[in-house]
Amino acid sequence: MAERPYIVGNWKMNGTRAMLSEARAIDRSSQRLMKVEVALAPPFTLIHAVHREVEQIGVGAQDCHAGEEGAHTGDISAGMALDAGAKFVILGHSERRQNHGETNTLIGQKTVAALAAGLRVILCCGETEETRDEGKAESFIARQLRASLPDSVENVEDVLTIAYEPIWAIGTGRTPTVEDIGAMHRSIRAVLVDLYGEEAAQGVRILYGGSVKPDNAKELLAADDVGGALVGGASLTAESFLGIVLAAAELQDQ
Ligand code: PGA
């Protein structure tokens, strides 16, 4: 696992102000688990409120527009997310790709815009079950990353995180084997080394996402080159999310 694992909760389209107490509880407990970096990506409507509630954990957005401002009804720019209190943004989540037709090119443009605005980026990639069954998962992911990552990124190890999330594992309760996760993370690392050079690329954390729960977190986080987790459903309550944070902290102690 990475020197400081990164556990990120993606609340997706869940949460009203009634959920601020969960964010507060996650923040309070995370203060005692400093060896783990903890963050939450609530919906846009809660970014500012969560930002004001918490002291320790990071707060981020789940998407942003590629432009700075203008006539884009319903969209939010990276600068606006930053202004609301976000420090990072999740880009290229498979639900954005599927439900909003986001392409690698657009995700690349969003990545450039977010980094320029001063947000850190968690860039998601993931294959369908069909692609995995065909034995093409690693080449598919390499293509996805090469088509959406900028050629050069200043301080890439500080501002970029990759999240590998097989689409068939998201919200399904199914997960790849630790061997498959390890192999995929090594393959992603090779793409990063090729793009950014050995030294910088080694500092980029690669998260695993897809049905991470308190009871499987330790096993998944222990897979080769897993630097943390991107957690959907199990991040919606402090109890289950903290179970995953604790698993990461215990692995650090081993
Ligand atoms: P899940 O979602 O943990 O509910 O599978 C993960 C994600 O989509 O980020």
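Which exposed residues does the face of H2 turned away from its buried side carry? That face carries Thr 45 and Arg 52, where exposed means over 50% relative accessible area, buried under 20% and partly exposed in between (1.4 Å probe, protein chains only). The model is predicted, so local features need pLDDT of at least 70 and side-chain atom pairs count only at pLDDT 80 or more, while totals for chains, interfaces and linings use all residues. Residues are numbered from 1 along each chain as its sequence is written, and side-chain values use heavy atoms, with hydrogens and water left out.

Helices (H or I, at least four residues) and strands (E, at least two) are DSSP runs, numbered from the N terminus.

Strands count as paired if DSSP finds at least two bridges between them. Strand S1 (residues 6–10) runs parallel to S2 and is joined to it by 5 bridges, with Val 8 opposite Ala 39. From S1 the chain passes through helix H1 (residues 20–30) to S2 in a right-handed β-α-β crossover. Right-handed here means that, with the strands pointing away from the viewer, the path from the first strand over the helix to the second runs clockwise. S2 also pairs with strand S3 (residues 58–61), again in the parallel sense, over 2 bridges, and Leu 40 stands opposite Val 59 of S3. The chain reaches S3 from S2 through helix H2 (residues 44–53), and this β-α-β crossover is right-handed.

Within H2, the buried residues include Leu 46, Ile 47 and Val 50. Seen down the helix axis, the buried residues of H2 fall within an arc of 125°, so they line one face of the helix; the arc is that of the directions from the helix axis to the C-beta atoms. An α-helix has 3.6 residues a turn, so residues three or four places apart point the same way. The cover over the buried residues of H2 includes H1, S3 and helix H3 (78–84).

Asp 63 lies in the loop between S3 and H3 and is buried, at 8% relative accessibility. The side chain of Asp 63 makes polar contacts with the side chains of Arg 96 (3.2 Å) and Lys 110 (2.8 Å). A polar contact is a pair of N or O atoms within 3.5 Å; within protein, one must be able to donate a hydrogen and the other to accept it, and residues adjacent in sequence count only if both atoms are side-chain atoms. Beyond its neighbours within four places in sequence, Asp 63 has contacts (heavy atoms within 4.5 Å) that include Phe 44, Val 89, Ile 90, Leu 91 and Glu 102. Thr 111, in helix H5 (residues 104–117), is buried at a relative accessible area of 1%. Leaving out residues up to four places away in sequence, Thr 111 touches Leu 91, Val 121, Leu 123, Ser 148 and Pro 150.

Asn 155, which is not a glycine, has a positive phi of about 50°. Asn 155 sits in the loop between helix H7 (137–148) and helix H8 (156–159) and is partly exposed at 46% relative accessibility.
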